[in-house]
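Hi,

Here is the structure I said I would pass on.

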Amino acid sequence: MTPEAAESLRRSAAHVVVDDVTSPILSDGDAHHLFRVLRVAEGDVVSVTDGRGAWRLCRAVDGSLEATTPVTVEPPRSMPVTIGLAIPKLDRPEWIVQKLTELGVDRIVWLHAERSVVRWDDQRAAKHLARLERVAVEAVQQSRRVTVPVIDAPKAALSFLPGASVAEPGGRPDDGCHPVVAIGPEGGWTERELAAAADRISLGPTVLRVETAALVAAARRTCHPA
């Protein structure tokens with residue numbers, strides 16, 4: 001994205017994910033949030049995106065949006081950033097999704113590691129994923145992103161690790177170049193999982209929580225050019 005495009009998104013009064021940017025139509029919930037909660041006024045500039053890279057600027061007119069610029073489509077990263085992580089306890093997955101979305105991560109993969117304490121069966125996974133996708137959309141709107149990250153259902157860590165660098169104390173210093181990182185559970189990776197990984201990287205000299213490690217790994221990758 002050009003600096004000029006990024007600035008126009010930042011300066012918009014609000015940013016909304018819609019189904020189709022060629023003819024942006026607000027849902028009742030989005031209209032309420034824009035005009036009642038955010039107090040968007042007549043004539044204010046609002047940016048819209050389909051969450052897949054297409055976006056444009058609109059103007060608030062009579063409780064709806066009127067397009068004012070052509071549709072712009074941002075190309076995907078040449079090396080999409082993926083963070084895989086063992087599912088943490090309580091409501092921490094929501095916080096993680098929110099922050100990884102704000103940082104610009106492209107894919108979030110939940111992992112069932114051999115020492116995982118939290119595991120989601122299919123029914124729980126469907127419920128959690130629906131909520132996490134809403135959290136991601138809200139974070140996209142707050143951060144002025146034009147892509148919603150993909151959030152994958154839980155999978156066995158051993159099936160993910162061959163293409164990932166695992167965060168592990170004693171690994172090589174992390175240079176942020178490998179775009180796929182796996183964060184283990186609180187009990188750590190097993191020897192079998194470590195052997196399956198493509199690489200081992202260290203995120204620092206201290207022991208980090210799952211969510212802290214995920215953010216450190218993400219920040220080191222999303223700051224690189226796409």
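**Overall shape**

For 226 residues, a compact globule would have a radius of gyration near 17 Å, and the protein has 19 Å, which agrees. That radius is taken over C-alpha atoms, and the globule rule is 2.2 Å times the number of residues to the power 0.38. Before you go further: this is a predicted model, where local features need pLDDT of at least 70 and side-chain atom pairs count only at pLDDT 80 or more, while totals for chains, interfaces and linings use all residues. Residues are numbered from 1 along each chain as its sequence is written, and side-chain values use heavy atoms, with hydrogens and water left out.

The C-alpha trace spans about 60 × 35 × 25 Å along its principal axes. There are seven helices and 11 strands in the protein; these are DSSP runs numbered from the N terminus, with helices being H or I of at least four residues and strands E of at least two.

Of the 226 residues, 47% are buried (buried is under 20% relative accessible area, exposed over 50%, partly exposed in between, with a 1.4 Å probe and protein chains only). The accessible surface is about 11700 Å², with 53% of that belonging to carbon and sulfur atoms; areas come from the Shrake-Rupley method with a 1.4 Å probe, and for residues only the protein chains shown count as cover. Take the contacts (heavy atoms within 4.5 Å) between residues at least 6 apart in sequence: 68% of them join residues at least 24 apart.

**Helix 4**

Helix 4 runs over residues 122-143, so 22 residues, and reaches 31 Å from its first C-alpha to its last, close to the 32 Å expected at 1.5 Å a residue (the expected span is 1.5 Å times one less than the number of residues). Its buried residues are Ala125, Leu129, Leu132, Val135, Ala136, Ala139, Val140 and Gln141. An α-helix has 3.6 residues a turn, so residues three or four places apart point the same way. The cover over the buried residues of helix 4 includes strand 1, helix 2, helix 3, strand 7 and strand 8.

Arg144 sits in the loop between helix 4 and strand 8. Leu90 is another non-glycine with a positive phi, near 55°. You will find Leu90 in the loop between strand 6 and helix 3, and it counts as exposed because its relative accessibility is 79%.

Gly53 is in the loop between strand 2 and strand 3 and is buried, at 0% relative accessible area. Its C-alpha is 5.1 Å from that of Thr147, although the two are 94 residues apart along the chain. Beyond its neighbours within four places in sequence, Gly53 contacts Thr72, Val73, Glu74, Val146 and Thr147.

Gly63 lies in the loop between strand 3 and strand 4 and is partly exposed, at 44%. Not counting residues up to four places away, Gly63 touches Leu26, Phe35 and Glu42.

Ser165 belongs to strand 9 (residues 165-173) and counts as buried, since its relative accessibility is 0%. Leaving out neighbours within four places in sequence, the contacts of Ser165 are His178, Val180, Val181, Ala182, Asp199 and Ile201.

Cheers
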